[in-house]
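Here's a quick tour of a protein for you.

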Amino acid sequence: MKKLWIIIALLAIVLTGCTAQEEEVVETKQITVLTSPDYPPYESIGVDGTYVGFDIELMEAIADIMGAEVVWKEQSFDGIIAGLQAGQGDMAISGMNVDAERLKSVDFSDIYKAGESLYTAVVLKDKGYATVEDLSGLKIGVQTGTVQENAMKTIAEKYGFTVESRATFLTIIEDIKLGRLDALVIDYENAISYEEVNPELTTFKITDEALDGDGGTAIAFPKGSEWVAEVNAALAQMKEDGSLAALDSKWFGE
């Protein structure tokens, strides 16, 4: 009988320990992140169907630091801000530049990448276009909702070109090859990315005093989001330990 009570006591201790361990398990928090995966090398869809790119790896690294899991949600670029306002995501990372107009609708994290040039034209190499003056009389393609869309409309009359908007950059590239459009205007790094995989294309930078400078690239949030401070803390850690610089070098070179 004494042995039986000893066994029961031991079982009680073991079960109590298991219960304590179960109580210590912390459920991983999830963050829903909107992205438009048509903007290499920031974000695109890889050959295996998964998201790849600088922004994708950056967001996953930030989530790891915060002890969170990313739930990706695809969204057209021109619908990202509206999606955040409608509560469809906790944040968005999609090569989005900070500007005064967007700040009226969303909050931004600290800048995680300063761009080289917001306005770079992608054109067919055999056309010989090399300056913004060469675009006179031509059709310029821009992605809907981008800073390039507003900027090109601002200077269109001055240089005599027309501006047509499309949902994706890939559509614009295809329209250039088919002769429906003459140029794509995009930021420098992405322009180079498209040039590298399309040997018939070349690029040149567009400069004009009316064009705004680059406000830098950041993560967008719904207004008043509690996630901003935590994401900024993770970004600060990555800047300090060199992991952000290493990621930048991996995707954009030295």
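**A glycine in a loop**

Let's start with G128, which you'll find in the loop between strand 8 and strand 9 (139-143). Before going on, know that this is a predicted model: local features need pLDDT of at least 70, side-chain atom pairs count only at pLDDT 80 or more, and totals for chains, interfaces and linings use all residues. Residues are numbered from 1 along each chain as its sequence is written, and side-chain values use heavy atoms, with hydrogens and water left out.

- Is G128 buried or exposed? With 54% relative accessibility, G128 counts as exposed; the cut-offs are under 20% relative accessible area for buried, over 50% for exposed and partly exposed in between, using a 1.4 Å probe and protein chains only.
- G128 and T202 are 74 residues apart along the chain, and their C-alpha atoms are separated by 9.2 Å.

**The whole chain**

- The protein chain has 9 helices and 13 strands. Helices (H or I, at least four residues) and strands (E, at least two) are DSSP runs, numbered from the N terminus.
- Of the chain's 254 residues, 46% count as buried.
- Take the contacts between residues at least 6 apart in sequence: 74% of them join residues at least 24 apart. Contact here means heavy atoms within 4.5 Å.

- Helix 2 (residues 54-66) and helix 8 (residues 227-241) have axes that come within 9 Å and cross at roughly 105°. The axes are lines fitted to C-alpha atoms, for helices over the stretch in contact, and angles run from 0 to 180 degrees between N-to-C directions.
- That makes helix 2 roughly perpendicular to helix 8. The labels go like this: under 35 degrees is roughly parallel, over 145 roughly antiparallel, 65 to 115 roughly perpendicular, and the rest oblique.
- Which residues make the contact? From helix 2 they are L58, A61, I62, I65 and M66, and from helix 8 they are W227, E230, V231, A234, L235, Q237 and M238.
- Sorted by class, that contact has 10 nonpolar, 1 polar and 1 charged residues. Ala, Val, Leu, Ile, Met, Phe, Trp, Tyr, Cys and Pro count as nonpolar, Asp, Glu, Lys and Arg as charged, and the others, Gly among them, as polar.
- W227 sits in helix 8 and is buried, with a relative accessible area of 17%.
- Beyond its neighbours within four places in sequence, W227 is in contact with residues including K29, I31, M66 and F221. W227 and I31 are 196 residues apart in sequence but 9.4 Å apart in space, C-alpha to C-alpha.

**Rings and charges**

- The structure holds 7 aromatic pairs. Rings of Phe, Tyr and Trp (its six-membered ring) pair if their centres lie within 6.5 Å; planes under 30 degrees apart count as stacked, over 60 as edge-to-face and the rest as tilted.
- F54 and Y112 make a tilted pair, 6.0 Å centre to centre with 45° between the planes. F54 lies in helix 2 and Y112 in the loop between strand 7 (106-108) and strand 8 (120-124), so the pair ties together parts that are 58 residues apart in sequence.
- F54 is buried at a relative accessible area of 0%, and Y112 counts as buried at 5% relative accessibility.
- F54 also pairs with F252, this time edge-to-face: 5.1 Å centre to centre, 70° between the planes. F252 is in helix 9 (residues 243-252), and the two residues are 198 residues apart.
- Y39, Y42, F54, Y112, F169 and F252 form one aromatic cluster.
- The charged end of K113 sits over the ring of F252, 4.2 Å from its centre. For this, NZ of Lys or CZ of Arg must be within 6 Å of the ring centre and within 35 degrees of the ring normal.
- K205 has its charged end over the ring of Y188, 4.6 Å from the ring's centre.

**Prolines to find**

- Most peptide bonds are trans. P40 and P41, though, are joined by a cis peptide bond, with omega about 5°.
- P41 lies in the loop between strand 2 (38-39) and strand 3 (43-45).
- P37 is in the loop between strand 1 (29-35) and strand 2, and counts as buried at 12% relative accessibility.
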